[in-house]
Amino acid sequence: MSEKSKTILIGCIADDFTGATDLANNLVRAGMRVVQTIGIPSQPVSAEVDAVVVALKSRTISPAEAVRQSLDALRWLQEQGARQIYFKYCSTFDSLFSGETRGNIGPVTEALMQALDCDFTIATPAFPDNQRSVFKGHLFVGDRLLNESGMQNHPLTPMTDPDLVRVMQQQCAGKVGLIDYAVVSRGPDAVRERMRQLQAEGVSVAIVDAVTNDDLLRLGPALAELALVTAGSGVAIALPANFGLSPSLRASALPAAAGLRAIVSGSCSLATNRQVTDFIERGGKAWALDPLRIAAGDDVVSDVLQWAGPLLPSGPVLVYSTAQSVDVKSVQARLGVEEAGAMVESALAAIARGLVEQGVRQLIVAGGETSGACVQALHIAQMQIGAQIDPGVPWCHAATPDAPEGGLHIALKSGNFGGDDFFTRAFEVLA
């Protein structure tokens with residue numbers, strides 16, 4: 001194994017692809033050189049980096065399979081000499097919830113703890129830059145509790161309980177506790193003392209309050225000695241300083257951008273619905289996928305690519321399956337939830353690959369499941385993380401056989417992230 005592969009300070013495991021870039025973005029902002037891998041690599045990362053984020057697609061699979069994949073990722077990261085492990089989940093704390101399955105976050109956390117032989121860790125999805133805050137153990141999106149934010153209507157991972165202690169306890173065998181805002185506000189020493197108290201009480205996982213970035217920065221030093229940190233991406237802004245690193249433009253440098261531009265959107269979140277509307281109202285060229293046409297066997301992929309070809313030289317085009325929740329549920333009722341999702345993802349992934357074959361070299365993909373399908377269709381193995389577009393969403397650069405000369409600039413946007421004008425403004429960042 002090369003010496004370069006021994007330089008990893010933080011080894012990260014993310015449960016979806018957009019969440020992985022979200023985490024990588026915050027590490028880069030705080031001064032780390034970061035590579036994101038798509039799935040578990042078969043070889044050591046050759047680039048000299050400070051952190052590696054292994055992107056899995058485990059957010060909506062069974063807990064047993066999520067645990068298996070996460071442990072495989074852990075073993076690879078340990079082989080690279082990672083000094084601290086970071087398990088990253090969504091800032092809305094959601095994962096598979098179906099029947100007796102209470103979610104993946106707890107089972108994966110406890111499996112990683114057992115493998116690392118650690119008896120305590122923290123959990124917080126707080127990400128103030130994207131209006132995710134935790135107070136008294138309750139998760140807020142903006143000024144609304146999680147279960148009033150629209151997440152209660154998520155087609156795959158609905159969240160109806162904002163009490164994270166209760167949610168996590170339902171998923172964990174061990175005891176779950178709370179480090180509340182009064183403790184965090186007093187700084188790292190108070191957090192360390194509270195962690196010791198909780199451990200003495202038999203608590204193995206503690207939800208942590210955080211309302212502002214200052215809270216996360218106060219929390220960071222207290223986490224320096226933990227073998228495992230579990231969180232959304234917010235805590236990442238505070239961890240590089242534990243290794244003596246500080247923000248640097250060098251960490252986010254990417255090759256110069258060129259080529260045609262396109263957007264592929266599969267997210268049905270409220271934020272992405274607004275972004276689609278904004279793009280169209282600005283005069284952007286857009287094609288709305290009809291899942292029922294796909295289900296009927298129409299060659300929708302070819303139709304879209306024929307439509308896009310003559311338009312691409314004039315500016316970015318948008319292909320979207322984004323829709324309001326009532327329309328999504330109507331389609332799911334006719335086709336089945338899993339069948340409808342898989343069918344649309346497959347079509348969008350084929351379209352993304354076709355667009356790149358037509359010369360697109362700047363590609364935005366919106367939605368976690370859609371991003372996973374697209375990067376796999378493009379045979380992307382790893383991505384270099386660049387500058388932030390909006391909180392949680394960076395531009396990345398990747399090699400792909402479909403863009404053999406110069407590679408591809410790609411942004412993987414979580415459905416809930418980004419301002420209304422994201423689809424327009426994102427390309428300006430690369431200009």
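Analyst: Happy to! Let's start at Ser-204. Setting aside the neighbours within four places in sequence, Ser-204 is in contact with Met-113, Asp-119, Phe-120, Thr-121, Gly-174 and Lys-175. Please keep in mind that this is a predicted model.

Where does Ser-204 sit in the chain? Ser-204 belongs to strand β10, which covers residues 203–208. Is Ser-204 buried or exposed? Its relative accessibility is 12%, and buried means under 20%, so Ser-204 counts as buried.

Now follow one of those contacts, Met-113. Met-113 is among the buried residues of helix α3, together with Ile-105, Gly-106, Val-108, Thr-109, Ala-111, Leu-112 and Leu-116. You can check the length of this helix yourself. Helix α3 runs over residues 105–116, and at 1.5 Å a residue its 12 residues should span 16 Å; the end C-alpha atoms are 16 Å apart, so the two values agree. After α3 comes Asp-117, which has a positive phi, near 55°.

Next, let's step out to the nonpolar interior. Nonpolar side chains tend to be buried together in soluble globular proteins. Here the largest nonpolar core has 123 residues, and those with the most contacts inside it are Ile-10, Leu-27, Tyr-86, Ile-179, Leu-363 and Ile-410. Helix α12 (residues 337–357) gives the largest share of this core, 9 residues. A second, separate core has 18 residues, including Ile-263, Leu-318, Ile-389 and Phe-422.

Pick out Ile-10 and look around. Beyond the neighbours within four places in sequence, Ile-10 is in contact with Leu-27, Met-32, Asp-50, Ala-51, Val-52, Gln-84, Tyr-86, Leu-239 and Phe-243. One of these, Asp-50, leads us to a charged pair. Asp-50 forms a salt bridge with Arg-33, with the closest N and O atoms 2.9 Å apart. This pair links distant parts of the chain, 17 residues apart: Arg-33 is in the loop between α1 and β2, and Asp-50 in the loop between β2 and β3. Asp-50 counts as buried because its relative accessibility is 8%.

How many salt bridges are there in the whole structure? A search finds 24. Another of them joins Arg-68 and Glu-65, at 2.5 Å from N to O. Both residues lie in helix α2 (residues 63–79), and because they are 3 residues apart, about one helical turn separates them. Arg-68, at 42% relative accessibility, counts as partly exposed, and Glu-65, at 27%, is partly exposed too. Glu-65 and Arg-68 also belong to a network of salt bridges with Asp-72 and Arg-75.

Finally, the rings. A pair of aromatic rings is described by the distance of the centres and the angle of the planes. There are 7 aromatic pairs in this model. In the pair of Tyr-89 and Phe-93, the centres are 5.1 Å apart and the planes are at 85°, an edge-to-face arrangement.

Methods: Residues are numbered from 1 along each chain as its sequence is written. This is a predicted model: local features need pLDDT of at least 70, side-chain atom pairs count only at pLDDT 80 or more; totals for chains, interfaces and linings use all residues. Side-chain values use heavy atoms; hydrogens and water are left out. A nonpolar core is a set of buried Ala, Val, Leu, Ile, Met, Phe, Trp, Tyr and Cys residues joined through side-chain atoms within 4.5 Å. Buried means under 20% relative accessible area, exposed over 50%, partly exposed in between (1.4 Å probe, protein chains only). Helices (H or I, at least four residues) and strands (E, at least two) are DSSP runs, numbered from the N terminus. Contact means heavy atoms within 4.5 Å. The expected span of a helix is 1.5 Å times one less than its number of residues. Rings of Phe, Tyr and Trp (its six-membered ring) pair if their centres lie within 6.5 Å; planes under 30 degrees apart count as stacked, over 60 as edge-to-face and the rest as tilted. A salt bridge is a side-chain nitrogen of Lys or Arg within 4 Å of a carboxyl oxygen of Asp or Glu.
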